[in-house]
Amino acid sequence: MTKLKQNFDRDGYVAIKGFLGKQQSDELISETQRFVKEVVPTIPVEEVYYEDKADKSTLKQVQKVYDFDNYYLKLATSDVVVSLAEELLGGPVELKNMQYFNKVPYIGQATPPHQDGYYFKIMPQQAVTMWLSLGDADENNGAVCYIPGSHKAGMRAHNTTKTLGFSQGISDWSAIDDENEIQMKAQAGDILVHHSLTIHRANANQSENDRQSVGFIFYRQDVVEDKEAHDSYKAKLNENLVEQGKI
């Protein structure tokens, strides 16, 4: 844990191979298949994003999955997950979200470069996003890329994008950023964790395989959220998604 904390403070992210054992990983995959088939159709439309709303096989993202299924609630509040967040953030934490993500084969779009903290509307920026893989992920199907140390430089300028689920992206991206980024890879049960100010992006899925994961967001407990700004952003996002026919 001490080494992980040192690496996290230096780079703004860590990767842990085999965070879940084989049995736990298989259970996550099985439970997620059940969730997608049985539970997702019952969830309010504003919490479920599709690449093509008319094609239910193009499910892209589900918000706050722990509100709809106890399996995810138990996983998100488990000692192994919470203790990792507490170690990396240096104090008690609060669970803010847990999401299902997928990049659908061939049509899963690229994720624009961004910093999660831009969406969070918090002070101080002391939060982590955990990305727990359900299968093989690499540059071909859209595994994340990080810019090491970018969390130390503060918030970059963002502007509006057309990417579903990632409505804001860094507006001053440059060739230097391309040179500095690191392409990550993962297998089922591996976890990637990054700071709320760490710059990251992902390619489109150009493979035959889904790129599925679940993501946890934790804030350190001393964080103050600008709830009015966050709610306003969320309301505007939902309005845009309805206009685009995405939800």
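## Phenylalanine 120 and tyrosine 219

Phenylalanine 120 and tyrosine 219 are both buried (under 20% relative accessible area with a 1.4 Å probe, protein chains only; exposed is over 50%, partly exposed in between). The model is predicted, with local features requiring pLDDT of at least 70 and side-chain atom pairs pLDDT 80 or more, while totals for chains, interfaces and linings use all residues. Residues are numbered from 1 along each chain as its sequence is written, and side-chain values use heavy atoms, without hydrogens and water.

## Aromatic pairs

The structure contains four aromatic pairs (ring centres of Phe, Tyr or the six-membered ring of Trp within 6.5 Å; planes under 30 degrees apart are stacked, over 60 edge-to-face, the rest tilted). Tyrosine 13 and tyrosine 146 are stacked, at 4.5 Å centre to centre and 25 degrees between the planes. Because tyrosine 13 belongs to strand E1 and tyrosine 146 to strand E8 (residues 144-146), this pair ties together parts 133 residues apart in sequence; helices (H or I, at least four residues) and strands (E, at least two) are DSSP runs numbered from the N terminus. Tyrosine 13 is buried at 12% relative accessibility, and tyrosine 146 at 0%.

Phenylalanine 120 and tyrosine 219 form a tilted pair, with 5.3 Å between centres and 50 degrees between planes. Phenylalanine 120 lies in helix H5 (residues 117-120) and tyrosine 219 in strand E14 (residues 211-220), so parts 99 residues apart in sequence are tied together.

## Helix H4

Within helix H4 (residues 79-89), Val81, Val82, Leu84, Ala85, Leu88 and Leu89 are buried. They lie on the same side of H4, because they cover an arc of only 160 degrees around the axis (taken from the directions from the helix axis to the C-beta atoms). Glycine 90 follows H4 with a positive phi near 75 degrees.
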